[in-house]
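Let's walk through this model together, going from charged side chains to strands and then to rings. Keep the viewer open and follow along as the residues come up.

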Amino acid sequence: MSRPRIVGIGGTTRPGSGTEKALVLSLAATEAAGAETQLFGGDFLARLPVYAPSEAPPTDEQRALADAVRGADGVIVASPGYHGSISGLIKNALDSLELLRDDPTPYFQGRPVGCIITADGWQAAGTTLMALRSIIHALRGWPTPFGAALNSTTNLFDAEGRCREPKDAWQLTTVADQVMEFARMRAAT
Ligand SMILES: Cc1cc2nc3c(=O)[nH]c(=O)nc-3n(C[C@H](O)[C@H](O)[C@H](O)COP(=O)(O)O)c2cc1C
């Protein structure tokens, strides 16, 4: 296959969002493995209107997100744990993919979806990862077997945005590798 197209959706609107840094690192790992990537980070996601099922035409931002996912060979979603689940910002972005409902390949169908969670504790990281996987299943995607769970209380990144701990870098690379592996297997069938 030519270069797999991997779309990243994630982050928060907080300046210096660790969730977005984690997503950027995972996307970079897919690029190192040959992918071309497109990032929809916190600032972009905040410009999406609250998704409402209606006859109103989609906004430019909603259309851009839907078009990118339509053309993707794989996706990586990164969410913070907010009150035990994914944030409203990320849920709204995923709800906006309702625009893909009537596509021949709706939502995430047939595509790998990498899962990255940040939270201030392991309990929320676990429940949020479970919630994200359930949503990806509902959108007919294939969540990566490995989900990255990062504890934000551990000063995750250095000034250059790299992981301080090798085990955290390993998590983000493993998600990237699993998305790429699935995308290449899919292209080979
Ligand atoms: C509204 C809100 C709710 C949160 N709820 C939880 C929670 O239930 N459990 C937890 O461990 N952390 C919680 N956090 C902390 C965030 O998950 C954590 O700081 C996250 O890594 C923030 O990511 P960011 O650096 O990308 O903004 C919450 C933060 C906010 C703002």
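Glu98 is partly exposed, with a relative accessible area of 25%; by the cut-offs used here, buried means under 20% relative accessible area, exposed means over 50%, and partly exposed lies in between (1.4 Å probe, protein chains only). The side chain of Glu98 meets that of Arg101 in a salt bridge, 2.9 Å from N to O. A salt bridge here is a side-chain nitrogen of Lys or Arg within 4 Å of a carboxyl oxygen of Asp or Glu. Before going on, a word on the ground rules: this is a predicted model, in which local features need pLDDT of at least 70 and side-chain atom pairs count only at pLDDT 80 or more, while totals for chains, interfaces and linings use all residues. Residues are numbered from 1 along each chain as its sequence is written, and side-chain values use heavy atoms, with hydrogens and water left out.

How many salt bridges does the structure hold? There are 10 salt bridges. Another of them joins Arg162 and Asp158, at 3.1 Å from N to O. Here Arg162 is partly exposed at 48% relative accessibility, whereas Asp158 is buried at 18%.

Next, look at Arg5 and Asp73, whose side chains form a salt bridge of 3.4 Å, N to O. This pair links distant parts of the chain: Arg5 sits in strand β1 (residues 5-10) and Asp73 in the loop between α3 (60-70) and β3 (74-82), 68 residues apart. Helices (H or I, at least four residues) and strands (E, at least two) are DSSP runs, numbered from the N terminus. Arg5 is partly exposed, with a relative accessible area of 41%, while Asp73 is buried at 9%. Arg186 joins Arg5 and Asp73 in a network of salt bridges.

From Arg5 you can follow β1 to its neighbour. Strand β2 (residues 36-40) pairs with β1 in the parallel sense over five bridges; two strands count as paired if DSSP finds at least two bridges between them. Along this pairing, Val7 stands opposite Gln38 in β2. Together with helix α1 (residues 18-32), β1 and β2 make a right-handed β-α-β unit. Right-handed says that, with the strands pointing away from the viewer, the path from the first strand over the helix to the second runs clockwise.

Strand β5 (residues 112-119) and β6 pair in the parallel sense over seven bridges, and Cys115 stands opposite Gly147 in β6. Strand β6 is mostly covered, with seven of its 10 residues buried.

A search of the whole structure finds three aromatic pairs, where rings of Phe, Tyr and Trp (its six-membered ring) pair if their centres lie within 6.5 Å; planes under 30 degrees apart count as stacked, over 60 as edge-to-face and the rest as tilted. Why is the pair of Trp142 and Phe182 tilted? The ring centres of Trp142 and Phe182 are 5.6 Å apart and the planes stand at 45°, so the pair is tilted. Because Trp142 lies in strand β6 (residues 142-151) and Phe182 in helix α6 (residues 166-188), the pair ties together parts that are 40 residues apart in sequence. Phe146 and Trp170 form an edge-to-face pair, with 5.1 Å centre to centre and 75° between the planes. This pair also links distant parts of the chain, with Phe146 in strand β6 and Trp170 in helix α6, 24 residues apart. Phe146 is partly exposed, with a relative accessible area of 22%.
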